[in-house]
Each structure stands twice: as C-alpha cells, then as structure tokens.
Amino acid sequence: MSSTPVADRSAKKSATAVHVPDEELAALVKRQLELIGENPGREGLVKTPARVAASLKWLTRGYDLDASDVVGDAIFEEQHDNMIMVRDIELYSMCEHHMLPFFGKAHVAYIPNGRIIGLSKLPRVVDVFARRLQVQERMTEQIAQALTDILQPRGVGVVIEAYHLCMMMRGVQKQNSKTITSAVRGVFRDDYKTRDEFLRLAHNNGG
Ligand code: ZN
C-alpha cells in the first residue's frame with residue numbers, strides 16, 4: 001500500500017472528495033468492526049469504515065430531502081376525474097429496529113382535483129421517505145400524506161409490499177413472507193367502490 005503510485009492516489013482523493021465520508025461515522029464503524037471480533041487493520045477492511053460511512057449517508061439521504069422540493073413545479077392544471085396509478089415502484093429502505101434493509105414495491109394512486117403531478121415524480125416522493133430509517137407502516141402513511149398535502153386531490157391510495165431482511169436473515173419468520181401495508185385518504189377511504197378498484201389494481205400483479 002505504501003507503494004501506491006502518485007496518479008493512483010490522486011484519483012482516489014477525487015473519488016472520496018465527491019462522497020465526503022464522515023470521519024466520525026467512519027471511526028464508529030471501525031470500532032464496530034473491533035467489537036464484533038474483526039481486525040480493522042487487515043487489507044480487506046482498511047477502507048471499509050469510510051465506505052460504510054459514505055454508503056450509510058447515501059442510504060439515509062432522505063433526511064435532507066423534502067417531498068414538495070422534489071416535486072418542484074411538476075404540477076399541472078388538468079381536468080381528469082379518474083384514477084391515476086403508478087404501480088411497481090421499486091423501493092429500498094432500512095428498518096429502524098435493526099438497521100437492515102427492507103425492499104419491495106410501492107403502488108401509488110390518486111384521483112386528481114384539477115391538478116396532476118408529473119408521473120416520474122411519484123418514485124421520487126417514495127424515495128424521500130424510503131431513504132431513511134423507517135417502519136413500513138409509517139412510510140406508507142407519510143407517502144400518502146405528502147401527496148395529499150402537495151396535490152390536494154380527491155383521494156390518495158398507497159400500497160407497499162416489502163421483504164424485510166431483519167426477518168429473513170435472522171430466521172425469525174418464513175423466508176418468503178412479505179409485509180403488505182396500505183394507506184388511504186379522501187375518496188379512497190370513504191368510497192367503497194374507489195377503494196375496491198384501487199386495491200384490486202394494486203394486488204393484481206400475479207404474485
Ligand atoms: Zn427490523
């Protein structure tokens with residue numbers, strides 16, 4: 001390692017400058033390695049604390065994001081009275097109880113009230129809340145509430161189905177058990193037919 005060429009070293013420097021790893025966080029990760037019986041000095045682990053720190057910051061970047069900022073001006077006046085739904089939005093989050101990943105899909109629908117949102121913004125709103133320590137139930141509610149606040153639609157429905165590594169890896173439950181949560185607002189809550197249509201569309205994915 002002491003023989004690293006100068007060019008190589010400067011390349012690494014610019015790479016780390018982009019991520020700005022938090023040195024305090026890295027020091028904690030190094031201590032964590034020691035406490036689980038590892039040797040943080042061995043070759044494969046030397047850069048692990050900095051990598052984990054940078055990775056953790058990225059995976060929790062949702063704390064610095066705001067749903068209405070993410071949507072920006074991608075809201076349009078439009079008379080459309082029917083349900084708009086984006087299904088199978090990929091989702092990666094981390095459970096706040098074990099700091100282990102949970103991942104799956106979100107299905108988001110709403111019925112507008114004169115305003116529609118750019119469709120590509122829905123996955124970004126999901127990410128604002130997924131990229132932090134979460135419980136799936138709260139995240140589902142937060143996404144529904146954010147869209148209610150931003151769009152003031154006639155109704156919103158959110159279904160999330162996810163696999164939790166804290167259950168799968170620790171062998172607490174069956175490996176294939178999937179957790180499904182839903183949150184509804186407005187006509188999705190009050191009108192049986194609307195809710196039924198939404199849930200049918202959300203679950204009609206052949207698995
Ligand atoms: Zn957990």
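What follows is a working chat about the strands and helices of this predicted model.

Biologist: Which strands make up the sheet, and in what order?

Modeller: In this predicted model, 5 strands form an open sheet in the order E5-E2-E3-E6-E7, and the pairing among them is mixed.

Biologist: And which strands stand at the edges?

Modeller: Those are strand E5, residues 133-134, and strand E7, residues 179-186; each has a single partner strand, so one side of each is left without a neighbour in the sheet.

Biologist: What packs on the sheet, and which strands does that element touch?

Modeller: Helix H9, residues 192-203, packs there, and touches strand E2 (84-95), strand E3 (101-111), E6 and E7. The direction of H9 makes about 30 degrees with that of E6.

Biologist: How do E6 and E7 pair?

Modeller: Strand E6, which covers residues 155-164, pairs with E7 in the antiparallel sense over 8 bridges, and Gly155 stands opposite Gly186 in E7.

Biologist: What about E3, how many bridges join that strand to E6?

Modeller: There are 10 bridges between E3 and E6, which run antiparallel. On its other pairing, E3 is joined to E2, again in the antiparallel sense, over 9 bridges.

Biologist: Where does Gly104 come into this, which residues are its partners?

Modeller: Gly104 in E3 is the bridge partner of Leu91, and Gly104 also stands opposite Ala162 in E6.

Biologist: How many residues are there between E2 and E3 in the hairpin?

Modeller: The hairpin has 5 residues between the two strands, and Met99 in the turn has a positive phi of about 55 degrees.

Biologist: Switching to helices, how does the span of H2 agree with its number of residues?

Modeller: Helix H2 runs over residues 23-35, and because a helix is taken at 1.5 Å a residue, its 13 residues should span 18 Å; the end C-alpha atoms are 18 Å apart, which agrees. Just after H2, Gly37 takes a positive phi of about 90 degrees.

Biologist: At what angle do H2 and H3 cross?

Modeller: The axes of H2 and helix H3, residues 48-59, cross at roughly 125 degrees and come within 8 Å. That angle makes H2 oblique to H3, and the crossing is right-handed.

Biologist: Which residues make the contact?

Modeller: From H2 they are Leu25, Ala26, Ala27, Val29, Lys30 and Leu33, and from H3 they are Thr48, Pro49, Ala50, Val52, Ala53 and Leu56.

Biologist: How many of those are nonpolar, polar or charged?

Modeller: The residues of the contact of H2 with H3 divide into 10 nonpolar, 1 polar and 1 charged.

Conventions
Residues are numbered from 1 along each chain as its sequence is written. This is a predicted model: local features need pLDDT of at least 70, side-chain atom pairs count only at pLDDT 80 or more; totals for chains, interfaces and linings use all residues. Two strands pair if DSSP finds at least two bridges between them. Helices (H or I, at least four residues) and strands (E, at least two) are DSSP runs, numbered from the N terminus. Two residues are in contact if their C-beta atoms, placed from the backbone, lie within 7 Å. Axes are lines fitted to C-alpha atoms, for helices over the stretch in contact, and angles run from 0 to 180 degrees between N-to-C directions. The expected span of a helix is 1.5 Å times one less than its number of residues. Angles under 35 degrees count as roughly parallel, over 145 as roughly antiparallel, 65 to 115 as roughly perpendicular and the rest as oblique. A crossing is left-handed if the near helix is turned anticlockwise from the far one by less than a right angle, and right-handed if clockwise. Ala, Val, Leu, Ile, Met, Phe, Trp, Tyr, Cys and Pro count as nonpolar, Asp, Glu, Lys and Arg as charged, and the others, Gly among them, as polar.
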